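Thanks for making time this morning. I would like to walk through one model with you, beginning at a single residue and then turning to a sheet.

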Amino acid sequence: MSKLVIYNTLTRRKEVFEPLNPPHVGLYVCGPTVYGDPHLGHARPAITFDLLFRYLKHLGYKVRYVRNITDVGHLENDADEGEDKIAKKARLEQLEPMEVVQYYTERYHSAMRLLNALSPSIEPRASGHIVEQIELVKKIIANGFAYERNGSIYFDVVKYNKKHTYGILSGRNIDDLMANTRQLEGQDEKQNPFDFALWKKALPQHIMRWPSPWSEGFPGWHVECSVMSTKYLGEPFDIHGGGMDLLFPHHECEIAQSVAANGKQAVRYWMHNNMITINGQKMGKSLGNFITLEELFTGSHKLLDQAYSPMAIRFFMLQAQYRSTLDFSNEALQAAEKGLARLMAANRQLDRIKPSTTSSIQVNLIKEKVYEALNDDLNSPVAIAVLFDWVRQINLLAEGKESITEFDLHELKSFFRTIVFDVLGLEDEQTSGTKHAELTGKLIDMLLSIRLEAKQRKDFATSDKIREELARLGVIVRDRKDGFDWELE
RNA sequence: GGUACCGUGGCCGAGAGGUUAGGCAUUGGUCUGCAAAACCACGUACAGCGGUUCGAAUCCGCUCGGUACCUCCA
């Protein structure tokens, strides 16, 4: 069998994945800043790295998956007057910042659960690691790569670049950054515009603040990930993931911080999922195409023709490779919805296949091809294409037009289901959950209206039969003048 | 303007020098009391223009268009 190969953003190449301490794998993924409802942009990394998490486990690795909750917020912009996103939201809504954090964290969790994204092994919060963040800043200062201005600490990119290389992840070089950045006059405390904050002194309007040796304030943008990833995964650790939008400056700065503090990089493989567009356009609040997951699941957005189930969204995302941009449109989502239904129907057909004494198909091929696809940088679309080849085979088997031995049938069932449910993380919504419950009520109503028609024809044999059968299932039927009523026992 | 990347049939989306990706939609057929499902058949698509090559969607150059981040602007 081929080996798992993943695309490392750092080297811009596909590399064979070799964990540092097999069978253990450390995986860190940048999680949400919990100051707003989870939206489409949150779904892509969640599903991408959920697939990775599931596949690594399937391959037999013991994975520690760490995904942070950013509850300290990021500055609105790089300038001094920037305000913490969470603090701003809290001020506007007159809440404690941690109330905002709690509310949106729960919203995020429930959306992830609907998408069937497994919970991470550890979900650390930035606010719970202020002490460690201060320690990291101290270390960077001690090594001479940071300077203080009025109680704030900044990373000295120019000095760092003399000894190391800034920009290795994003492919930027500091001379270009210099050439393309006009020095802003005014109150900017930074020596250079591309220096970044490690610690910010809190202004009076900042309501989230912690004591530190330099000032009462809060940690800079990038410190939390450097701290929490290595605290729980060691240094170095295997995989750091996130969206491509975080590549620069966030991940670039994480690398600089690690090297400045410890003289070496903390991450062995960097993985970045690509972004989502809507009707070919980027998603943005100002563009009116900003869709939350709740709007997607209920269909309550003007761009949506209908509601799309969480599984339809998940399947749709898996039909594209994670490093490609993915375009959302009603047409594309409806196509995914139908494709998923076909896949699930085939799964149910598996139970109708009767074994024979010989096999006319080669079951081993499905394994080989699926593993080959997933090993190639998680090429889920190709893996799904292989599954669809087998959907046809399964349908032919169910119709008795192909034959399969009992042994092969067992292999096929078990492998098909392992990949579909355990690795791809899909669910058959038709046989589980809310849709099912909703349907039950409608079915009972339908049966009772057929019974009513029978009664009106004086076909009491049929009407009694329906009532008795329902009673046996625990449905109590009561006749009324204007029709019927029922309740569950 | 800088950096990275992308443009594939009606739609979504794999592939990456020579052989059918796949899904959805459309069309014809088989099956069927009707319908649905299923199965079978059908699509020479790779932004444009040059170049390299026996051969390019796949490599190189230019042009056009798009995306993300940075910058600029607010």
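Leaving aside residues up to four places away in sequence, alanine 398 touches Gln349 and Ile353, where contact means heavy atoms within 4.5 Å. Please keep in mind that this is a predicted model, in which local features need pLDDT of at least 70, side-chain atom pairs count only at pLDDT 80 or more, and totals for chains, interfaces and linings use all residues. Residues are numbered from 1 along each chain as its sequence is written, chains are lettered from A and ligands numbered from 1 in the order in which they are written, and side-chain values use heavy atoms, with hydrogens and water left out.

Alanine 398 belongs to helix α13, residues 380-398; helices (H or I, at least four residues) and strands (E, at least two) are DSSP runs, numbered from the N terminus. Because its relative accessibility is 22%, alanine 398 counts as partly exposed, that is, between buried at under 20% and exposed at over 50% relative accessible area, with a 1.4 Å probe and protein chains only.

Now to the sheet, which is open, has four strands in the order β4-β3-β9-β10, and pairs in parallel, two strands being paired if DSSP finds at least two bridges between them. β4 (62-67) and β10 (267-273) stand at the edges with a single partner strand each, so one side of each has no neighbour in the sheet. Strand β3 (residues 24-29) and β4 pair over six bridges, and leucine 27 has tyrosine 65 in β4 as its bridge partner.
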